[in-house]
Amino acid sequence: MNKQTQPLFEIRDLCKYFTLDRKNTLKAVNHVSLTIQKGETVGIVGESGCGKTTLGRTLKRLYTATSGTVLYKGQDIFKMNREQAHQYAKEVQMIFQDPYSSLDPRMTVREIVREGMLNHGILKGDPAAQNRRINELLMMVGLNEEHADRFPHEFSGGQRQRIGIARALAVNPEVIICDEPTSALDVSIQAQVVNLLKNLQREFNLTLIFISHNLSLVKYISDRVGVMYLGSMVELASSEMLYKEPAHPYTEVLISAIPIPDPNIQKNRSAIRFSGELPSPINTRDDVCSFAGRCRYAAPACSNLTPRLREVSLDHFAVCDRVLRRENK
Amino acid sequence: MNELLNVEHLSINFHTYNGEVQAVRDASFRLNRGEVLAIVGESGSGKSVMMQTILKLTPCMLMGGRIIFDGKDITDYTDRQMQEIRGSQIGIIFQDAMTSLNPTMKIGRQITESLLRHQKLTRAEAKEKALELLRQVGINNPEKRFHQYIHNLSGGMRQRVMIAIALACKPKLLIADEPTTALDVTIQAQIMDLLARLREEVGCSIVLITHDLGVVAANADRIAVMYAGHIVESGTSDQIFYHSSHPYTRGLLESIPRLDAPRDAQLTYIGGTPPDALNPAPGCAFSARCKYSMRLCRMQAPEAHEIQPGHFCSCFLLDEEAKAVREKTGWEVLV
């Protein structure tokens with residue numbers, strides 16, 4: 001990866017707050033900074049309610065940020081004019097979690113895939129070429145021409161997710177934001193969809209932002225992984241590094257909780273467990289560590305320091321490195 | 001006598017507007033006392049329906065087979081007879097605690113309900129017992145929780161309440177139907193730890209229904225793998241994980257992305273889609289997706305072979321006569 005070139009995404013201190021009422025604010029995304037290079041796959045993991053989906057949706061401009069900036073190819077996505085925003089909508093596509101509700105039941109597959117092409121003037125005025133392209137796209141995602149004139153309800157979950165992928169690819173995007181694309185699917189089908197995404201990523205040099213709660217899956221597909229906890233990015237590292245040497249206590253617990261399908265390994269693993277439940281993301285304070293209440297390394301000092309993402313080793317960023325420091329001792 | 005549940009040749013059909021659905025076809029399994037049996041399968045494989053039918057919780061048709069629980073044949077029990085067993089001798093935990101608990105009833109009353117129904121206890125005794133149960137499943141401040149509704153609780157806590165209700169009468173058998181599917185990994189780990197601890201304390205057998213082989217690795221003694229209503233392979237946890245003999249089981253194991261796998265290890269997957277339960281093709285249900293399938297597989301359904309003591313597998317590849325096919329396709333029998 002060449003660091004001299006301009007990154008594709010430069011996210012700086014991005015915040016997305018939802019005001020609940022006069023007193024309560026839900027800080028769904030809280031001061032997240034992240035740089036994404038072209039052609040990279042970045043995984044975002046965390047428990048439900050940690051803000052990973054909100055982050056994805058904010059990047060797609062489905063939400064306006066409360067504060068902070070997102071630079072896409074050097075340009076602030078929240079200060080784009082109509083034309084630029086239209087172009088951005090074309091270049092950044094999204095695949096949603098639920099393949100049942102994200103496809104219009106009254107449109108055929110052909111219409112679903114064509115809609116984006118019409119909106120963005122791809123192969124404009126040449127329906128025959130569009131149809132050829134649609135067939136080509138369907139083949140690419142493992143469906144065939146005969147499927148084009150059917151309706152979504154005629155397909156299984158895995159096939160619908162493929163239609164969603166074909167729809168995203170139809171406008172020649174540069175970035176695809178995948179929001180839990182496989183969590184509604186069975187394991188044997190999940191592997192098909194993930195392999196497809198990985199191959200397409202290589203073939204078209206796509207940039208993928210892969211949001212999931214399944215850590216083993218994220219490790220498999222991503223170059224770098226960011227761990228989110230209560231709206232903040234607590235650790236960011238290459239996927240190898242993150243799983244081998246987690247720095248943040250939360251990452252350590254998260255990795256320890258992933259079941260490994262191997263009885264001997266599973267029985268001999270040291271299990272680190274939380275005592276408590278996930279705290280509420282409403283009215284969280286920025287000046288203390290949000291994880292201190294559940295952390296087994298928590299020291300009195302933890303409630304006095306402002307957590308900031310810093311480099312704990314080369315290209316490995318974390319808010320806290322107590323796990324690493326303990327090992328060095 | 002060590003056997004708690006014995007299910008023989010169970011077949012279950014459903015009526016739908018589209019026709020008859022064969023949800024379970026000729027399924028047999030046993031469960032010993034104190035044992036954890038995991039039933040693993042993808043959605044629609046019939047695993048939940050099978051266990052719910054054993055409890056007579058579904059309006060489907062029993063097409064054949066026998067169910068023997070604790071030495072008694074309960075196949076033809078009436079609803080009234082089943083009511084004596086459900087809740088007292090067999091407890092059940094459902095997948096979605098939000099919809100299976102009553103939102104209009106206080107938590108305390110939901111727990112004491114089955115205690116009062118099945119045991120001769122006074123209200124005060126039942127309350128005492130319920131508080132004890134809440135403590136046992138790891139709920140802090142049970143006196144306060146006793147008077148709350150489920151909307152006051154988080155997903156993990158609700159699942160704990162479900163477990164408390166299921167275990168209230170110290171059942172001999174606990175059926176856990178996807179107990180952690182709706183939960184985050186960290187909470188899932190907590191709940192699985194809790195189930196393992198309670199199994200020791202209460203001394204019950206557990207049938208764990210799940211689609212996640214990772215979850216069962218540490219917890220199951222024996223595993224039955226279901227596909228399209230058939231139990232295609234069953235055996236001890238080690239036999240299934242290290243000596244799996246059915247192409248579907250192997251495919252399932254290989255398609256899980258593993259945390260300890262080296263980077264860029266290719267994720268293998270099972271091609272195709274699960275079969276249509278409305279129009280099952282003749283022969284082995286998996287043959288359409290199986291890369292080793294032979295002509296015979298599409299015509300005739302395989303019988304279960306006992307490869308090792310207690311390790312059953314229904315596949316023609318294990319047959320002596322399939323040796324040539326095994327060599328040609330590179331299929332190894334892992335014994």
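**Entry 1: strand E8 of chain B**

I started at B:Leu173, which stands opposite B:Ser205 in E8(B). This is a predicted model; I took local features only at pLDDT of at least 70 and side-chain atom pairs only at pLDDT 80 or more, while totals for chains, interfaces and linings use all residues. Residues are numbered from 1 along each chain as its sequence is written, and chains are lettered from A and ligands numbered from 1 in the order in which they are written.

I took helices (H or I, at least four residues) and strands (E, at least two) as DSSP runs, numbered from the N terminus. Two strands pair if DSSP finds at least two bridges between them.

Strand E7 (residues 173-177) of chain B is joined to E8(B) by five bridges, and the two run parallel. Strand E3 (residues 36-40) of chain B also runs parallel to E8(B), with five bridges. There I found B:Ile39 paired with B:Ile209.

Is E8(B) covered or open? Six of the six residues in E8 (residues 205-210) are buried. Buried means 20 or more other C-beta atoms within 10 Å of a residue's own, exposed means 12 or fewer, and partly exposed lies in between, with C-beta atoms placed from the backbone. On one side I listed B:Ser205, B:Val207 and B:Ile209; on the other, B:Ile206, B:Leu208 and B:Thr210. In a regular strand the side chains alternate between the two faces of the sheet.

**Entry 2: helix H1 of chain B**

I checked H1 (residues 47-54) of chain B next, and six of its eight residues are buried. They are B:Lys47, B:Ser48, B:Met50, B:Met51, B:Thr53 and B:Ile54. B:Lys56 follows the helix with a positive phi, near 60 degrees.

**Entry 3: the core**

I looked up the largest nonpolar core and found 183 residues. Such a core is a set of buried Ala, Val, Leu, Ile, Met, Phe, Trp, Tyr and Cys residues joined through C-beta atoms within 7 Å. A:Ile209, B:Ala164, B:Val207 and B:Val225 have the most contacts inside this core. Helix H7 (residues 155-167) of chain B gives the largest share, eight residues.

Which residues does A:Ile209 touch? Leaving out residues up to four places away in sequence, I noted A:Val42, A:Ile44, A:Gly56, A:Leu59, A:Val175, A:Ile177 and A:Cys178. Contact means C-beta atoms, placed from the backbone, within 7 Å.

**Entry 4: a sheet in chain A**

I traced an open sheet of four strands, in the order E2-E1-E4-E5 (chain A), with antiparallel pairing. Strands E2 (25-36) and E5 (75-76) each have a single partner strand, so one side of each is left without a neighbour in the sheet. Eight bridges join E1 (residues 9-19) to E2(A). Among the bridge partners, A:Phe18 has A:Leu26 in E2(A).

**Entry 5: where the chains meet**

How many residues of chain B are in contact with chain A? I found 36, against 35 residues of chain A. Helices H8 (185-202), H9 (213-217), H10 (237-242) and H11 (247-254) of chain B each give two or more residues to this side. H8(B) gives the most, six residues. By class, the side of chain B that touches chain A has 15 nonpolar, 13 polar and eight charged residues. Ala, Val, Leu, Ile, Met, Phe, Trp, Tyr, Cys and Pro count as nonpolar, Asp, Glu, Lys and Arg as charged, and the others, Gly among them, as polar.

Definitions and conventions
Contact = placed C-beta atoms within 7 Å.
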